[in-house]
Amino acid sequence: MTVFLSTDRVPSWLDDIEGEQALEWAKAWSDGTSGRIPGPGKESGNRTALEQQILSALDADDRIPFPARRGEHLYNFWVDSEHPRGLWRRTTLDSYLDGSPGSDGGATEWETVLDLDALAEQEDENWVWKGSHVLRPNYDRALLRLSRGGADAVVIREFDLVNLRFLDDCEDGTEAPFTVSEAKTDVSWAGPDLLYIGTDLGEGTLTDSGYPRQVRKWRRGEPLERAEIVYEGASTDVAVGAGFDLTEGFKRLFVERAIDFYNSESFVEVDGDLRKIDVPDDCEVSVHREHLIILPRTDFGAIPSGALAVADLKGWLDGDRESTILFSPDEHTSLKSFAWTENYLVLTLLHDVATVLKTFTITGSPAEWEPGIVEGLPEQATVQVAGTSPTRDDEIWLLASSTLQPSTLLRGVLGEIRPEVVRSAPERFNAAGMSTIQHWATSADGTKIPYRVSGYLDGEKRPTLVNAYGGFEVSLLPGYSAVSGIAWLSQGGLAVQANLRGGGEFGPQWHSQAVKLDREKVFEDHRAVLQDLVERGYTDAETLAVRGGSNGGLLTAVCLTSYPELVGAVVSQVPLADMMRYHRLSAGASWMAEYGDPDDPAEREVIKRYSPVQRVAAATDRTYPPVLVTTSTRDDRVHPAHARSLAWLLKEAGQPVDYWENIEGGHGGAADNKQAAFAEALIYSWITEKISTGR
């Protein structure tokens, strides 16, 4: 019987995120790890060369500048070697379309809206861009979300899009700007001088998960703490948020109370009062003009789980339950997402994890909406809707790519202009001779689990790297990665993407099969894929590595501590690892609908069977493959104590473990391209050191 190390061995000071002792410990080990790994072939300096290759790809000028339409302008956030923190910039449609399809150069003329590097230097802050909220319909103001070091918590500052300056920089002081101190803030414009907001205002204003608990109506010039509370949830909720629809003729407030990750209540303002949209708590809803979209996770009357139905909002609020089902799933096809244009509803469907775009023309009642298909799309590619303008026209932007095919940006006008390529990213690695194939592994309960293998499929056994997630209804779709291509595929390795239960690839039921008491099915699926790869002759256990981040980091940590004999190396990034107390660390309480409650006896019994920190065995008792554990000090979503505790216990157990903690980066692990290139070169060089590249 395997005996596991007691968690009492872990010092409590590791929980102190920025404590001096914890940071000194993390820095010493991180420096040791990064200083020891030279890179592919183990020649000194090779990792530096790989890092430069990756950075060159991330900073390349011929990347696609993805546009976001805001009125007459197309906005883009651009990072390159001269602007490592990034430029927020804009252009016109005509200028964008004049640009060369193969690069960002061409004739496109960009106007700089905000230089984040200049701002960071001026204010002596490590600003990281987290997005913007632009005011409709004039698009003359924006609320910018700026993070210190990449954390989820942001500072909100109002920006003038006419004069291109922050309002708090206005010398005359005639207008009180909207500014919010660092917090996990939810905000929505309701007019030039009005916001609906949820933020940290002290005791009672946040949920146990650390997200806003209240919605306040905040008028310009009014102290935020005095703003009217229009809705308040329970402390046990995940979060409460609001959105205001500024569409002419349909202006109204919406409030959502997230009870847990998969159950919520939605409210809409009618005649000055909030009215609940009466659907089951596990049913998602969305409103566009007069249309109510209904997306049930379990069967709801005649609407099956995973379907999309549309009803009249006013009628629904008045008690009329008539709806039209526009999509019903089957065992191969699920709904990934939907988007509106002025006259169309566009559904992105997954058929055996391949995308199909279906349209409905909005004329008459929903029962009369004419279906269609978006044609002219690249073959063998994952296609996603990158942008639409539902209050403007039927313009649609599409992004297509695959593991071996660089991204292509297309633009069309539904019903008028067939989607045409407006930008194509160049190849970042030579994929000649490579291909992709899909297989299905059989899990312990007989469920078929799809996975794709990419690389040189020549019948030779090769080092193989498996990426999987299996959680939160997240669908893993094939996409082009210059980093993976440069650092792994072009070195002769095989890349595997596995679609485990817990994800959303086959609809809500694919996810719900593997939550709480059934969580171990995710690990059974993962185990089945690893075994199937060896049985099919792609690789051997000694040359098989797994990598994952966040929930995927939990997955690989479970692999390490529960079925280590199946792999030769493990990378666990920003992982959940101490599952017996995850609900008390950072945002962990918000995930109990996924993993269960460790304080509930039945759920605790399941969790402790796989929680990695509680399953670390001494090397004299059970042999683990080498593992690299990484995290970020600024990760305020998954507490760095997860990674720190796991690494500490593995070292105590005499197991082969390396550790690296980035002082910045947030949950993404890197604050800019330079940090990302360093981290990726470190990780791939570490994997290469542990399992041969097969060259």
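Two strands pair if DSSP finds at least two bridges between them, and helices (H or I, at least four residues) and strands (E, at least two) are DSSP runs numbered from the N terminus. With that in hand, take strand S20 (residues 308-312): this strand pairs with S21 in the antiparallel sense over three bridges. Look at Val-310 there, whose bridge partner in S21 is Thr-324.

Before going on, a word on what you're looking at. This is a predicted model, where local features need pLDDT of at least 70, side-chain atom pairs count only at pLDDT 80 or more, and totals for chains, interfaces and linings use all residues. Residues are numbered from 1 along each chain as its sequence is written, and side-chain values use heavy atoms, with hydrogens and water left out.

Back to the strands. S20 and S21 belong to an open sheet of four strands in the order S18-S19-S20-S21, with antiparallel pairing. At the edges you'll find strand S18 (283-288) and strand S21 (324-327); each has a single partner strand, so one side of each has no neighbour in the sheet. On average, neighbouring strands here are turned by 30° against each other, direction ignored. (Axes are lines fitted to C-alpha atoms, for helices over the stretch in contact, and angles run from 0 to 180 degrees between N-to-C directions.)

Another open sheet of four strands runs S22-S23-S24-S25, again with antiparallel pairing. Its edges are strand S22 (333-340) and strand S25 (370-373), each with a single partner strand, so one side of each is left without a neighbour in the sheet. S22 pairs with strand S23 (residues 344-351) in the antiparallel sense over seven bridges, and Trp-340 stands opposite Leu-345 in S23.

For parallel pairing, go to strand S34 (residues 544-549), which pairs with S35 over five bridges. Arg-547 stands opposite Val-571 in S35. Strand S35 (residues 569-573) has five of its five residues buried, so it is largely enclosed by the rest of the structure. Buried means under 20% relative accessible area, exposed over 50%, and partly exposed in between (1.4 Å probe, protein chains only). Both faces of S35 are covered, with Ala-569, Val-571 and Gln-573 buried on one side and Val-570 and Ser-572 on the other.

Ser-401 sits in strand S27 (residues 395-401) and counts as buried at 9% relative accessibility. Leaving out residues up to four places away in sequence, Ser-401 touches several others, among them Ala-381, Pro-406 and Tyr-480; contact means heavy atoms within 4.5 Å.

Now for the helices. Helix H8 (residues 520-535) and helix H9 (residues 551-562) pack at an angle of about 75°, with their axes 11 Å apart. That's why H8 and H9 are roughly perpendicular to each other: angles under 35 degrees count as roughly parallel, over 145 as roughly antiparallel, 65 to 115 as roughly perpendicular and the rest as oblique. The contact is made by Val-522, Phe-523, His-526, Arg-527 and Leu-530 of H8 and Leu-555, Val-558, Cys-559 and Ser-562 of H9.

Finally, the axes of helix H2 (residues 46-59) and helix H13 (residues 673-690) come within 8 Å and cross at roughly 135°. That makes H2 oblique to H13. Residues of this contact include Leu-50 and Ile-54 of H2, and Phe-678 and Tyr-684 of H13.
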